[in-house]
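Please work through the exercises below with the sequence and the model at hand. Each task is followed by a solution in steps.

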Amino acid sequence: MSAVSSIPGKNHAGSVEACDVIVVGAGFAGMYMLHRLRKLGFSVKVFEQGGDVGGTWYWNRYPGARCDVESMQYSYSFSDELQREWDWSERYAPQPEILKYARHVADRFNLRPDITFNTRVDRAEFDENSNHWEVTTSDGRQLRAAFLVLATGCLSNARVPEIKGLSEFKGKVYHTGHWPHEGVDFTDQRVGIIGTGSSAIQSVPVIASQARHLFVFQRTPNFSIPARNAALTDEEREAFRRNYPEIRRFAREDSRNAIYAELPDRGALDDGENARRAKYEERWEKGGLTFMLAYNNLLLDQAANDTAANFVREKIAEIVADPATARILQPDNHPIGTKRICVDTNYYATFNRPNVTLVNIRPHGIEEIRDHAVRVGGNDYEIDALVLATGFDAMTGSVAKIDILGRGGATLNQKWSDGPKTYLGLMSAGFPNLFIITGPGSPSVLSNMIVSIEQHVDWIADCLAFMRGRGLEVIEATRQAEEKWVAHVNDVAETTLYPQANSWYMGANIPGKPRIFMPYIGGVGVYRKICDEVAAKGYEGFAMTAREPERVVATS
Ligand code: NA7
C-alpha cells in the first residue's frame with residue numbers, strides 16, 4: 001500500500017482494513033475517481049450499493065430511459081482511445097447502452113477488483129487524533145482511510161411520496177428510479193403513472209404503446225422539447241471525433257452547461273416577432289436541451305422567457321388534438337427552463353391515443369390509492385399496476401443517508417439541516433478530508449454531468465497529489481471561505497429566473513426540505529476557472545496541515 005501517510009495513533013483491532021482513499025459509489029464519478037487515484041499510486045477501495053457499476057444508470061431502467069445530453073458528449077473524455085473506440089448507436093443512447101458503456105469502462109480500465117458491490121457505506125466518522133476516517137459498511141466491515149470521497153450521485157435516491165393508501169394497493173408498484181432488472185411487461189394491463197417529470201415524459205409513450213390503458217396523473221405540467229433522436233451514422237460519429245478536441249475544450253472552458261453548442265448572440269426581444277419565431281422553429285426542429293440557447297437572456301428576463309414559453313405552449317396546442325387536454329398539458333406556473341427542461345419522443349402526441357387519459361390532480365392531489373384504483377376528485381381510476389415517476393431526493397439525499405460525523409462528532413445532516421453548505425461544492429467546513437463530487441454548490445445537475453464529474457475528479461486527484469508531495473495530512477474548507485461561497489451561489493441564482501420554480505434544484509419536491517438553490521449557476525467554464533485559481537493559489541480558502549497539527553502551511 002502506498003499510503004498518503006502511515007496510520008498513527010490508536011492500536012486498532014486486526015479486523016480494521018486500511019487504505020488511502022475510500023470512494024462511495026461506482027457510477028461515472030466513482031469509477032473515474034478510482035482510475036485517477038490508482039494511477040497516482042494511492043490505494044483505493046470503492047463501495048457500491050448496486051450490483052454493478054453505472055450508478056443512476058444501473059437503477060433507472062424504466063421504459064424509454066435515455067440521457068438528455070447527446071451521447072457523443074455524455075461520455076468520458078479522459079481517454080482518447082476510449083472516445084475513439086466506443087460507437088454510440090443513437091444521438092441519445094438508451095439506458096441499456098449507457099450501462100453497457102459503464103461496464104466497458106470498468107473492464108477496460110480493470111476497475112472491478114477495487115470495487116465492492118452490493119455494499120453500502122453506512123457510517124463515517126473522522127478521528128481527530130489520527131486524522132483518518134473510520135468507515136463502517138453495511139456488511140459490518142470496519143475501514144480506515146485518510147480520505148473519503150462521496151461519489152454518491154445527485155439523482156440516485158428515489159423518492160416515494162406519502163400518498164394515503166399506497167401501501168394497500170393490490171397491484172404491482174414500480175418506481176422509475178428503482179426499476180426491476182428483468183423489465184416489466186404492461187401488455188393488457190391498466191396502468192397509472194404518477195408524475196410528469198423527465199422520467200414520466202420518457203416512459204409515458206413507451207408504456208402507452210404496451211398497456212391496455214394508461215392514466216397519467218399530473219400535478220404540474222412540464223415543458224418538453226422533442227429529442228429528434230435518431231441512429232448515428234458513421235459519418236456523424238467521425239465528424240464528432242474529428243472535432244473532439246474543440247468540442248471537449250468548449251464544453252469544459254467556454255460553456256455554461258458543459259455542452260458544445262452554438263451560443264446565442266442576442267436576447268429574445270432583440271429580434272422581431274417573425275425572426276424570433278423562425279429561430280424557435282429552427283431549435284424545435286433541431287430538438288434537445290439546446291432549445292434554451294436560442295437567446296442569451298431566456299433565463300434572465302421574464303419577458304424574454306415568456307416568448308419561448310408561449311412558443312412551446314402553442315406547439316402543445318398544435319400537437320394535442322383535444323383542446324381541454326392540451327390546456328392541462330401547457331405549463332403555467334414556472335418560467336421555461338427553470339425546471340430542467342425535458343426532452344421527449346412523442347410525449348405530447350401520446351395524449352392523442354385512445355388508450356391514454358390525462359388526469360389533472362391539481363390542486364388537491366391524489367385523494368387516496370385504493371385496492372385497485374387511484375382516487376382523484378371522487379373518481380376511481382381502475383388500474384392493475386402503478387408507476388411512481390416521482391423523482392429523487394436530489395443532490396443531498398444520498399449523502400444524507402450516510403451517517404457522517406466530522407469534527408467534534410457533529411453530523412453533516414445537522415450541519416446541512418438549513419440547506420447544504422459547501423465551499424465550491426467540493427468540501428464542507430468541519431469535515432476534513434471529505435470530498436464531494438458534483439455536490440451542492442457546484443454546477444452539477446445544471447450541466448452535462450460527465451464533464452463536471454471529470455473536472456471534480458481531476459481537481460481532487462491533483463489536490464491529493466499536491467498534499468502527498470508536501471507531506472500534508474489534512475485539508476479542510478475554512479468557514480469563512482464556505483460562507484462567502486454559499487452567499488455567492490445564492491447571489492448568482494437570484495440574478496436568474498431559476499428560484500421562481502418549485503423545482504428539485506430548490507429542494508422543493510421534498511416536504512420539509514429547506515428551500516435553497518443547490519447547484520451553482522455561474523456556468524461550468526467560470527466555475528472551472530475559479531477552482532483552478534483556488535488550486536493555483538495554494539488551495540486558497542482551504543486550511544491544510546502537515547502531520548504535526550501545529551504546522552499550518554496554507555490558510556486564508
Ligand atoms: P422529477 O423531475 O422530480 O419529477 C417528479 C414528478 O412527480 C413531478 O411531476 C412531480 O410533480 C410528481 N410528484 C411528486 N410527488 C407527487 C405526489 N405526491 N403526487 C403527485 N405527483 C407527484 O423527477 P424525474 O425522475 O422525472 O426526473 C428527475 C431528473 O432525472 C430530471 O430532471 C432529469 O435530469 C433526469 P410536481 O412537479 O412536484 O408537482
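This is a predicted model: local features need pLDDT of at least 70, side-chain atom pairs count only at pLDDT 80 or more; totals for chains, interfaces and linings use all residues.

Residues are numbered from 1 along each chain as its sequence is written, and side-chain values use heavy atoms, with hydrogens and water left out.

**Exercise 1. Determine the strand order and the edge strands of the five-stranded open sheet.**

Step 1. Helices (H or I, at least four residues) and strands (E, at least two) are DSSP runs, numbered from the N terminus; two strands pair if DSSP finds at least two bridges between them.

Step 2. The order is β7-β16-β8-β9-β12, with parallel pairing. β7 (172-175) and β12 (356-360) are the edge strands, each pairing on one side only.

Step 3. From one strand to the next, the twist averages 20°. Angles run from 0 to 180 degrees between N-to-C directions, and axes are lines fitted to C-alpha atoms, for helices over the stretch in contact.

Step 4. Strand β9 (residues 213-218) is joined to β12 by five bridges; Phe217 has Val359 in β12 as its bridge partner.

Step 5. Helix α5 (residues 198-210) packs on this sheet and touches β8 (190-194), β9, β12 and β16 (385-388). Contact means heavy atoms within 4.5 Å. The direction of α5 makes about 175° with that of β8.

**Exercise 2. Describe the open sheet of three strands.**

Step 1. Its order is β13-β14-β15, and the pairing is antiparallel. The edges are β13 (368-370) and β15 (379-382).

Step 2. Four bridges join β14 (residues 373-376) to β15, and Arg375 has Asp380 in β15 as its bridge partner.

**Exercise 3. At what angle do α1 and α13 pack, and how far apart are their axes?**

Step 1. Helix α1 (residues 28-39) and helix α13 (residues 449-469) pack at about 30°, with their axes 9 Å apart.

Step 2. Among the contact residues are Tyr32 and Met33 of α1 and Ile453 and Val457 of α13.

**Exercise 4. Which residues come nearest to the ligand?**

Step 1. A residue is near a molecule if one of its heavy atoms lies within 4 Å of it. Of the 19 residues around the ligand, Thr196, Ser198, Ser199, Arg219 and Thr220 come nearest.

Step 2. A backbone N or O atom of Thr196 is 2.9 Å from a ligand oxygen atom, and a polar side-chain atom of Ser199 is 2.5 Å from a ligand oxygen atom.

Methods
A polar contact is a pair of N or O atoms within 3.5 Å; within protein, one must be able to donate a hydrogen and the other to accept it, and residues adjacent in sequence count only if both atoms are side-chain atoms.
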